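Me: Can you walk me through this one? I'd like to go through it piece by piece.

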Amino acid sequence: MNRDTFTPAHYTTSDGQPLVIREAAVDDVAALLAYAQDYFNETDVYSPIAPGEFNLGIEEERKFITGHQKDNSILLLACLGDEIAGCLNVTGGKTSRSRDVGTLGVSVARPQRGSGIGTILMQAA
């Protein structure tokens with residue numbers, strides 16, 4: 001069973017910046033990897049990955065993206081122009097008993113925090 005394709009949506013941040021929420025594509029692999037490296041290397045935010053522990057390469061990140069293109073998962077990007085300003089992922093269960101259970105992750109780039117991007121990502125999902 002395939003899920004519906006996510007239609008990109010346009011928003012405005014609380015500080016007036018135009019924001020596009022769209023589904024991640026394999027072409028985003030380098031930008032998403034750079035975003036994740038910056039985020040996970042921060043020392044003052046809670047993350048399940050400590051600074052210095054994030055070490056995915058291009059191929060693993062590509063698998064992360066394609067793994068969210070299945071029917072019970074999604075990976076959304078919040079984009080200010082060409083810049084990834086935030087990310088939301090829902091990873092659905094893999095077994096028949098856990099298909100309706102998901103793990104949610106939301107992050108916003110440091111310079112954009114406080115501008116409503118996390119809230120917009122949650123509403124868009």
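Predicted model: local features only at pLDDT ≥ 70, side-chain atom pairs only at ≥ 80, totals over all residues.

Me: OK. Is serine 47 buried or exposed, then?
Reply: Serine 47 has a relative accessible area of 14%. The cut-off for buried is under 20%, so serine 47 is buried.

Me: Where is serine 47 found?
Reply: In the loop between α1 and α2.

Me: What does the side chain of serine 47 reach?
Reply: The backbone nitrogen of isoleucine 49, at 3.1 Å. Leaving out residues up to four places away in sequence, serine 47 also touches Tyr39 and Phe40.

Me: Which residues do the ring pairs link into a cluster?
Reply: Tyr39, Phe40 and Phe54. Tyrosine 39 and phenylalanine 40 are both buried.

Me: Switching to the sheet. What is the strand order?
Reply: β1-β2-β3-β4-β5. It is an open sheet of five strands, with antiparallel pairing. β1 and β5 (102–108) are the edge strands, each pairing on one side only. On average, neighbouring strands are turned by 20° against each other, direction ignored.

Me: What packs on the sheet?
Reply: Helix α1, residues 29–40. Helix α1 touches β3, β4 (83–92) and β5. The direction of α1 makes about 90° with that of β4.

Me: Zoom in on β1 and β2. How many bridges do they pair over?
Reply: Four, in the antiparallel sense. Strand β1 covers residues 9–12. Histidine 10 is opposite valine 20 in β2.

Me: How many residues lie between β1 and β2 in the hairpin?
Reply: Five. Glycine 16 is in that turn, with a positive phi of about 85°.

Me: Serine 14, exposed or buried?
Reply: Exposed, because its relative accessibility is 60% and the cut-off for exposed is over 50%. Serine 14 is in the loop between β1 and β2.

Me: What does serine 14 touch?
Reply: Gly114, Ser115 and Gly116, not counting residues up to four places away in sequence. For scale, serine 14 and glycine 92 are 78 residues apart in sequence and 31 Å apart in space, C-alpha to C-alpha.

Me: Back to β2. Which side chains point to which face?
Reply: They alternate along residues 18–23. Leu19, Ile21 and Glu23 point to one face and are buried.

Me: Helices now. How do you describe two packed ones?
Reply: By the angle between their axes and the distance between the axes.

Me: So what are those for α1 and α2?
Reply: The axes come within 9 Å and cross at roughly 100°. Angles of 65 to 115 degrees count as roughly perpendicular, so α1 and α2 are roughly perpendicular to each other.

Me: Which residues meet there?
Reply: From α1, Val29, Ala30, Leu32 and Leu33. From α2, Ile58, Glu61, Arg62 and Ile65.

Me: Last one, lysine 70. Where is its place?
Reply: In the loop between α2 (58–67) and β3. Lysine 70 counts as partly exposed, because its relative accessibility is 29%. That value falls between the cut-offs of 20% and 50%.

Me: How far apart are lysine 70 and aspartate 4?
Reply: In sequence, 66 residues. In space, 10.0 Å, C-alpha to C-alpha.

Terms used
Residues numbered from 1 in each chain as written. Heavy atoms only, no water. Buried < 20%, exposed > 50% of the residue type's maximum accessible area, 1.4 Å probe, protein only. Helix = DSSP H or I, 4+ residues; strand = E, 2+ residues; numbered from the N terminus. Pairing = 2+ DSSP bridges. Phe/Tyr/Trp six-rings, centres within 6.5 Å; stacked < 30°, edge-to-face > 60°. Axes fitted to C-alpha atoms, helices over the stretch in contact; angles between N-to-C directions. Contact = heavy atoms within 4.5 Å. Polar contact = N/O pair within 3.5 Å; in protein donor to acceptor, adjacent residues only side chain to side chain. Parallel < 35°, antiparallel > 145°, perpendicular 65-115°, else oblique.
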